[in-house]
Amino acid sequence: MTAPTASTVPTAASGRPGSPDLLRSVFRRHAAGVAVITAEDGGRPVGFTATSLNSVSADPPLLSFTIATGASSWPAIRDSEHLGVHILGEHQQDLAGLFARSGADRFGPGTDWARGPYGVPVLDDVLAWLVCRVVARVPAGAHRVIIAEAVAGDPAGEGRPLLYHQGRFNALRD
């Protein structure tokens, strides 16, 4: 094996300027877990697919995700004190696609769910779920970073996680 030469080692000078396209291109190479975020909007369940879910702190138990302020679910997330976070399994690609599709009937006959703690819609058959109390909504461009504290949940679902990579939902490979 030979050492890389100066002409094969990437440098800052060889990179592209920062742009929305560059960021999207780089993050297509980043595999992310798939979650569905739910809330209640005037007695009606709402939700969306998120791949921006992150653990923030174990003590207190905080997580974060982002949502575009133009998203149909934004008004409910903006106004809700509590919301649901659901970790999807590889068997739930269709559910992830449904909650990602604009204008879809996300809580129609094909979606199994029930009201959970604090009246939050909780999806059935997920790998894990949390009900969280929103503690902050931080402006970030055309999005908001939502920081929420876990107040209830269940990590006992069966299966393997669903991933999002290269613009598609994927199963985890060994």
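Colleague: Which helices and strands each supply at least two residues of the lining of the largest pocket?

Modeller: First, the terms: a pocket is an open set of points on a 1 Å grid over the protein atoms alone, where a 1.4 Å probe fits and protein lies on both sides within 12 Å along at least five of seven lines; lining residues have an atom within 4 Å of a point. Helices (H or I, at least four residues) and strands (E, at least two) are DSSP runs, numbered from the N terminus. Here the contributors are helix 1 (20–28), helix 3 (93–100), strand 1 (32–33), strand 3 (44–50), strand 5 (62–68) and strand 11 (162–165). Helix 1 gives the largest share, five residues. This is a predicted model, where local features need pLDDT of at least 70, side-chain atom pairs count only at 80 or more, and totals for chains, interfaces and linings use all residues. Residues are numbered from 1 along each chain as its sequence is written, and side-chain values use heavy atoms, without hydrogens and water.

Colleague: What volume does the largest pocket have, and which residues lie nearest its centre?

Modeller: A volume is the space filled by probe spheres set on the points, which are joined across faces, edges and corners. For the largest pocket that comes to about 1200 Å³. Its lining has 38 residues, with A50, T51, S52, T66 and Y164 nearest the centre.

Colleague: And where does the second largest pocket get its lining?

Modeller: Strand 3 and helix 2 (74–79) each give two or more residues, and strand 3 gives the most, with four. The volume of this second largest pocket is about 200 Å³.
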